Amino acid sequence: MLVDKIQDKKKQKKERLEQAAYDLFSEQGFSETSIDQVARRAGVAKGTFYLYFPDKEVLLNQVIFKCSSRIFKEAMQESRFKQLDDWVERVILLIDYVIELFKERPGDLKVINKNLSWSMVGDQVEKGGSEGVDREFSELLNYYLEQLEGRGYDRKAAFQLIFMVVELVGAVCYSSLVLGQLGPIDELKPMLFETVRKMIGN
């Protein structure tokens, strides 16, 4: 019982650090955020920070990883339950849902900063999961990989194609919603969707 309480407290401190980092990264950017600021925002001593993260970059990667997996888990669930017969259009629905999430939660996009970290998510899921990747998310991702494998892609190529699609979507969203470039995201959607259809619709 005592061990469980200690573990719970450790988990809570780590989660506070991650949430504080997310808030500060979205408010003022990664470069402008110090470890001191993260520790203060989390309500812990600076030395406590180093019990969980060796440096700020590792913390950033963990925050991006959790943010990315949360977004795509939510979007995958939404697209999966729409019961669309056309698999390609189901992917388009997923992408559209991700874009709408970014429109509602621009802080996520600012933290991710064009890098949805899908290669990290995919790598960890392929290795059997790790902290932050639950079974449901793994199953949802594997569903999309299996769809590509059924179209003649091997496992590695399926991961590569998913990575390219996600990087494209992330770059377009960041340029439009954060930098104000390219034009309004709703105007870019038709071209973006058509490009993705060509990438995966063989």
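**Exercise 1. Find which residues lie nearest the centre of the largest pocket.**

Solution. Start with the lining: 13 residues line this pocket. Nearest its centre lie G29, F30, K110, V111 and N113. Next, look at the elements. Those giving two or more residues to the lining are α1 (2-28), α4 (56-80), α6 (106-112) and α9. Of these, α6 gives the most, with three residues. The pocket's volume is about 210 Å³.

A pocket here is an open set of points on a 1 Å grid where a 1.4 Å probe fits, with protein on both sides within 12 Å along at least five of seven lines; lining residues have an atom within 4 Å of a point.

The model is predicted: local features need pLDDT of at least 70, side-chain atom pairs need 80 or more, and totals for linings use all residues. Residues are numbered from 1 along each chain, and side-chain values use heavy atoms, without hydrogens or water.

**Exercise 2. Check the span of helix α10 (residues 185-200).**

Solution. Take 1.5 Å times one less than the number of residues. For the 16 residues of α10, that should give 22 Å. The end C-alpha atoms are 21 Å apart, which agrees. Now look along the helix: α10 has a kink of about 25°, centred on M191. The bend is the angle between axes fitted to the seven residues ending there and the seven starting there.

**Exercise 3. Find what the buried residues of α10 pack against.**

Solution. First list the buried residues (under 20% relative accessible area, 1.4 Å probe). They are I185, L188, K189, L192, F193, V196 and I200. Then trace their contacts (heavy atoms within 4.5 Å). These residues pack against α5 (87-104) and α9 (155-178).

Conventions: Helix = DSSP H or I, 4+ residues; strand = E, 2+ residues; numbered from the N terminus. Buried < 20%, exposed > 50% of the residue type's maximum accessible area, 1.4 Å probe, protein only. Points joined across faces, edges and corners; volume = space filled by probe spheres on them.
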